[in-house]
Amino acid sequence: MTKTVRCCRECGKALPEGRKATIKFCLAVEGSNRNTSSKCKTDWNNRQKTRGDMIYPLVMAMRYDRQNFAAQGVWKKMCRLMAGWHDEDVAAGRVSYEPLSTVLPRLYDRGDLQRGEIVMRNQRWSRSGLVR
Ligand SMILES: [Zn+2]
């Protein structure tokens with residue numbers, strides 16, 4: 001039987017056994033049961049924020065400024081940017097991304113994404129609702 005060892009997302013160090021599954025980083029104080037911010041967690045979150053600041057305006061432009069997004073080849077630029085981040089993560093020995101099987105349930109559970117399909121073809125919405 002294979003034994004699963006959970007590791008810190010940032011530094012890859014094995015987490016102590018018996019920890020809650022929600023703990024994903026080294027603890028600030030070894031031996032503590034509290035998941036207070038450790039350097040690993042802070043570093044991870046700061047990098048996510050920095051990368052998010054770069055990619056968010058591009059993703060919004062992808063949705064709402066489609067013509068310019070396509071004309072300027074932004075998708076390729078985004079892919080190049082993400083490939084650089086991935087290479088950087090691999091070189092540092094840390095997790096680069098989470099599989100969708102992990103990400104989607106978390107976003108559904110937090111209410112950030114709606115479950116199911118949203119059908120809006122040939123319909124327009126305003127602040128007051130569906131425009132007929
Ligand atoms: Zn760590």
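Predicted model: local features only at pLDDT ≥ 70, side-chain atom pairs only at ≥ 80, totals over all residues.

Reader: OK, and how many residues does α3 have?
Author: α3 has 19 residues. From first C-alpha to last it reaches 27 Å, close to the 27 Å expected at 1.5 Å a residue.

Reader: How many of those 19 residues are buried?
Author: The count is 0, so α3 is hardly covered.

Reader: What does α3 pack with, and at what angle?
Author: Helix α3, residues 74–92, packs with α1 at an angle of about 155°, and their axes are 11 Å apart.

Reader: Parallel or antiparallel, then?
Author: Roughly antiparallel, because the angle is over 145 degrees. The crossing of α1 and α3 is left-handed.

Reader: Which residues meet there?
Author: On the α1 side, they are Arg51, Met54, Ile55, Leu58, Ala61 and Met62. Across from them in α3 sit Val74, Met78, Leu81 and Trp85.

Reader: Now α1 itself. What span should it have, and how far apart are its ends?
Author: Helix α1 runs over residues 39–64, and its 26 residues should span 38 Å at 1.5 Å a residue. The end C-alpha atoms are 37 Å apart, which agrees.

Reader: And where's the kink in α1?
Author: At Asp53, shortly before the proline Pro57, and the kink is about 30°.

Reader: How many of the 26 residues in α1 are buried?
Author: The count is 2, and α1 is hardly covered as well.

Reader: Zooming out, what's the overall pattern along the sequence?
Author: Read along the sequence, it goes α-α-α-α-β-β. That's 4 helices and 2 strands.

Reader: What share of the protein is buried?
Author: Buried residues make up 5% of the 132 residues.

Reader: And what about contacts between residues 24 or more positions apart?
Author: They account for 23% of the contacts with a separation of 6 or more.

Reader: Switching topic: where's Leu113?
Author: Leu113 is in the loop between α4 (100–110) and β1 (124–126).

Reader: Buried or exposed?
Author: Exposed, because Leu113 has 12 C-beta neighbours inside 10 Å, and a residue with 12 or fewer counts as exposed.

Reader: So what is Leu113 in contact with?
Author: Leaving aside neighbours within four places in sequence, Leu113 is in contact with Leu104, Leu107 and Tyr108.

Methods. Residues numbered from 1 in each chain as written. Expected span 1.5 Å × (residues − 1). Bend = angle between axes of the 7 residues up to and from the residue. Buried ≥ 20, exposed ≤ 12 C-beta atoms within 10 Å, placed from the backbone. Contact = placed C-beta atoms within 7 Å. Axes fitted to C-alpha atoms, helices over the stretch in contact; angles between N-to-C directions. Parallel < 35°, antiparallel > 145°, perpendicular 65-115°, else oblique. Left-handed = near helix turned anticlockwise from the far one by under 90°.
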